[in-house]
Amino acid sequence: MISLTVTALVFGVVFLAELPDKTALAGLVLGTRYRASYVFAGVAAAFALHVALAVAAGSVLTLLPQQIVHALTGVLFLGGAAMLLMKKDEDEDEVRKPENQSFWKVAGSGFMLILVAEFGDLTQIMTANLAARYDDPLSVGLGAVLALWAVAGLGIVGGKALMKRVPLKLITKVAAMLMLALGVWSLWEAVTG
């Protein structure tokens, strides 16, 4: 059974953490050059694979005693918050253009770009943390993949317009504060549990 609370929490945390990431900008670049639906298909498949791997890794962590899991996830959340707060603004990387506009070429380019760029990324680590923390792989996986797909869709279709209205620094700070709160909460549970 899916927990809407866990799904919503995971969606919010992952969405805010991924929004300022370079992969949203890469999706924007691909979306301006190619058919959006083709780009989204490839990007969505790559994110689904990353979430499955992260949830599997997080589920393995649930085999440890709860206090150790809480302490570990707390430290990792605090590290993620620190990474977001110390992150420097980056220019978008140039994305190579496929030779033609076929579905498989465009979707394949989007898939490979995200697969490589996101491996071991902060949101993948956070998803593993959340899977370990809540011991609810289906709810965590659903929240994470929907968040990543939403960011990809925003990046592909309207990233420039969003960034003009909402400062990237504000989005990054909100994501960092959420991760900081989750980290403190997890450490509190490790100490008191």
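Which residues does T7 touch, not counting residues up to four places away in sequence? In this predicted model, T7 touches I2, S139, L142 and G143, a contact being heavy atoms within 4.5 Å. T7 is found in helix α1. Helices are DSSP runs of H or I, at least four residues long, numbered from the N terminus. T7 is buried, with a relative accessible area of 9%. Buried denotes under 20% relative accessible area (1.4 Å probe, protein chains only).

The largest nonpolar core comprises 33 residues. Such a core is a set of buried Ala, Val, Leu, Ile, Met, Phe, Trp, Tyr and Cys residues joined through side-chain atoms within 4.5 Å. V10, V14, V39, M126 and V140 have the most contacts inside this core. At least two core residues come from each of α1 (4–18), α3 (36–61), α5 (103–118), α6 (122–134) and α7 (137–165). Helix α7 gives the most, with 8 residues. Leaving aside residues up to four places away in sequence, V140 touches V6, V10, V55, T127, L130, A131 and Y134.

Confidence is given as pLDDT, the predictor's score for each residue from 0 to 100. The protein averages 80, and 82% of the residues score at least 70. Among the elements, α1 has the highest mean pLDDT (93) and α2 (residues 22–33) the lowest (69). Over residues 90–96 the pLDDT is below 50. This stretch has 12 contacts in the model beyond near neighbours in sequence.

Residues are numbered from 1 along each chain as its sequence is written, and side-chain values use heavy atoms, without hydrogens and water. Local features need pLDDT of at least 70, side-chain atom pairs count only at pLDDT 80 or more, and totals for chains, interfaces and linings use all residues.

Technical notes. Buried < 20%, exposed > 50% of the residue type's maximum accessible area, 1.4 Å probe, protein only.
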